[in-house]
Structures are given as structure tokens and as C-alpha cells.
Amino acid sequence: MSLLRMSIAGGALILAAVLVRALTLNRLPKRTFLVLWAVALLRLLVPFTAASALSVYALADRWA
């Protein structure tokens, strides 16, 4: 996966975390939001992905 695609995927994950936080701010424990941000940070810092037939990226590659 190229650096641009990884950055876009990280950005999409950050947007998803912001959306989940906005929609469920008073319903979920605060620790859940820390986990969401940790996943987003890990996604941006780790420069490789594991191949899987069930991943969202595999589905996106089929459509592209």
C-alpha cells in the first residue's frame, strides 16, 4: 500500500473516530475514545498492513 493510500486510510479512521465520538459522547465510557484514538495513531505510525481477503482494502482494490 502506498504512503498516500495509508494516509487516506488513517484520515478516514480519524474521521470515523470523530463521528463516533460526536454521536455517542455521553453513552460510551471515556476509555472507548482513548482506544479509538490509539487505533488511529497506530494506523498512521505502522508503515505496513497485513493481507487479508476480508479487509476493507481488499474490497476497495476489487472495485478500483
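Tutor: A residue is called buried here when its relative accessible area is under 20%, exposed when that area is over 50%, and partly exposed in between. By that cut-off, 16% of the 64 residues of the protein chain count as buried, and it should be kept in mind throughout that this is a predicted model. The secondary structure of the chain comes to 3 helices and 0 strands, with the elements running α-α-α from the N terminus on.

Within α2, the buried residues are Phe33, Ala40 and Arg43. Seen down the axis of α2, these buried residues fall within an arc of 85°, so they line one face of the helix. The face of α2 turned away from that buried side carries the exposed residues Lys30, Arg31, Leu34, Leu42 and Leu45.

The ring of Phe33 has Arg21 lying over its face, at 5.5 Å from the ring centre, while the structure holds 0 aromatic pairs. Leu44, also placed in helix α2, is partly exposed, because its relative accessible area of 42% falls between the two cut-offs. Leaving aside residues up to four places away in sequence, Leu44 touches Gly10 and Ile14. The C-alpha atoms of Leu44 and Leu3, which are 41 residues apart along the chain, are separated by 9.8 Å.

In α1, Gly10 is buried together with Met6, Ala9 and Ala17. Seen down the axis of α1, the buried residues fall within an arc of 100°, so they line one face of this helix. Turned away from the buried side of α1 is a face with the exposed residues Leu4, Ile8, Leu15, Leu19, Ala22 and Leu23.

For the chain as a whole, among contacts with a separation of 6 or more, 55% are accounted for by residues 24 or more positions apart. The accessible surface comes to about 5300 Å², of which 74% belongs to carbon and sulfur atoms.

Conventions: Residues numbered from 1 in each chain as written. Predicted model: local features only at pLDDT ≥ 70, side-chain atom pairs only at ≥ 80, totals over all residues. Heavy atoms only, no water. Buried < 20%, exposed > 50% of the residue type's maximum accessible area, 1.4 Å probe, protein only. Helix = DSSP H or I, 4+ residues; strand = E, 2+ residues; numbered from the N terminus. Arc of directions from axis to C-beta. Contact = heavy atoms within 4.5 Å. Areas by Shrake-Rupley, 256 points an atom, 1.4 Å probe, with all protein chains shown as cover. Phe/Tyr/Trp six-rings, centres within 6.5 Å; stacked < 30°, edge-to-face > 60°. Lys NZ or Arg CZ within 6 Å of the ring centre and 35° of its normal.
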